[in-house]
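Biologist: Hi, could you walk me through this one? I'd like to start with the strands and finish with the aromatic rings.

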Amino acid sequence: KGGVTKGGDAGDSGGGIRNYGVLDLRESVITDNEAIYGGGIRNEFTARITSSTISDNESQMGGGIYNRGELSVVSSTLSGNRALDPSGQGAAGIANLHQAPGSCGPVSFVGSTVTGNSTPGPRGGIWNGDGNCLFSLQNTIVAGNTSISAPETDDISGILVTFGGNL
């Protein structure tokens with residue numbers, strides 16, 4: 001609770017945090033980190049992020065978060081993250097992918113903001129890479145993200161469920 005992770009360079013994954021267990025992150029800042037997958041956070045199992053900021057991180061895929069597990073983001077902000085891969089993977093804010101076909105935990109964003117994330121490739125804000133993964137938004141702002149090669153995916157790419165109050 002209440003920590004700052006700054007300036008990490010993990011090489012392969014999880015520049016700020018690499019989670020293969022259960023992560024409960026509260027009132028924290030994950031900023032200025034870099035990795036190939038998940039500049040800010042790479043989650044492979046279960047993560048709950050509450051009242052936190054994930055900003056200005058950089059990776060090839062999943063600038064802010066690279067997720068392959070169960071993820072809950074509440075009252076938090078993902079902003080200013082960058083995905084550098086112009087070839088088609090990208091996902092500057094969050095990349096949500098499955099570990100094996102049909103094996104992905106639910107992802108939910110409640111009362112959160114995803115903005116100002118950018119990539120030269122597609123998928124600026126949120127990418128739910130597997131249509132079989134449940135990804136839901138409630139009272140969440142997803143706006144102002146940038147995808148240079150595919151502007152139609154600036155903010156959201158993939159199938160998401162909305163429970164109202166979203167912008």
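Modeller: Happy to. One term to begin with: buried means under 20% relative accessible area, exposed over 50%, and partly exposed in between, with a 1.4 Å probe and protein chains only. Strands (E, at least two residues) and helices (H or I, at least four) are DSSP runs, numbered from the N terminus. This is a predicted model, where local features need pLDDT of at least 70 and side-chain atom pairs count only at pLDDT 80 or more, while totals for chains, interfaces and linings use all residues. Residues are numbered from 1 along each chain as its sequence is written, and side-chain values use heavy atoms, with hydrogens and water left out.

Biologist: Is Val22 buried or exposed?

Modeller: Val22 counts as exposed because its relative accessibility is 67%.

Biologist: And what does Val22 touch?

Modeller: Phe45 and Thr46, leaving aside residues up to four places away in sequence. Contact here means heavy atoms within 4.5 Å. Val22 and Thr46 are 24 residues apart in sequence, with their C-alpha atoms 4.9 Å apart. Thr46 is also the bridge partner of Val22 in β6.

Biologist: How many bridges are there between β3 and β6?

Modeller: Five, in the parallel sense. Two strands pair if DSSP finds at least two bridges between them. Next along, β6 (residues 46-50) is joined to β10 (residues 70-74) by five bridges, again running parallel. There, Thr46 has Glu70 as its bridge partner in β10.

Biologist: What's the whole strand order of that sheet?

Modeller: It is an open sheet of six strands, β3-β6-β10-β14-β18-β22, with parallel pairing. At the edges stand β3 and β22 (161-162), each with a single partner strand, so one side of each has no neighbour in the sheet.

Biologist: Which strands make up the open sheet that includes β13?

Modeller: Six of them, in the order β2-β5-β9-β13-β17-β21, and the pairing is parallel. Its edge strands are β2 (17-19) and β21 (156-157), each with a single partner, so one side of each is left without a neighbour in the sheet. Inside that order, three bridges join β13 (residues 94-96) to β17 (residues 126-128), and Ala95 stands opposite Trp127 in β17.

Biologist: Now the rings. How many aromatic pairs turn up?

Modeller: Two, from a search of the whole structure. Tyr37 and Tyr66 form a tilted pair, 5.2 Å centre to centre with 50° between the planes. Tyr37 lies in the loop between β4 (29-31) and β5 (41-43) and Tyr66 in β9 (residues 65-67), so the pair ties together parts 29 residues apart in sequence. Phe109 and Phe135 have ring centres 5.6 Å apart and planes at 15°, so that pair is stacked.

Biologist: Remind me, what are the cut-offs for stacked and tilted?

Modeller: Rings of Phe, Tyr and Trp (its six-membered ring) pair if their centres lie within 6.5 Å; planes under 30 degrees apart count as stacked, over 60 as edge-to-face and the rest as tilted.

Biologist: Are Phe109 and Phe135 buried or exposed?

Modeller: Both Phe109 and Phe135 are buried. For the tyrosines, Tyr66 is buried at 6% relative accessible area, while Tyr37 counts as partly exposed at 29%.
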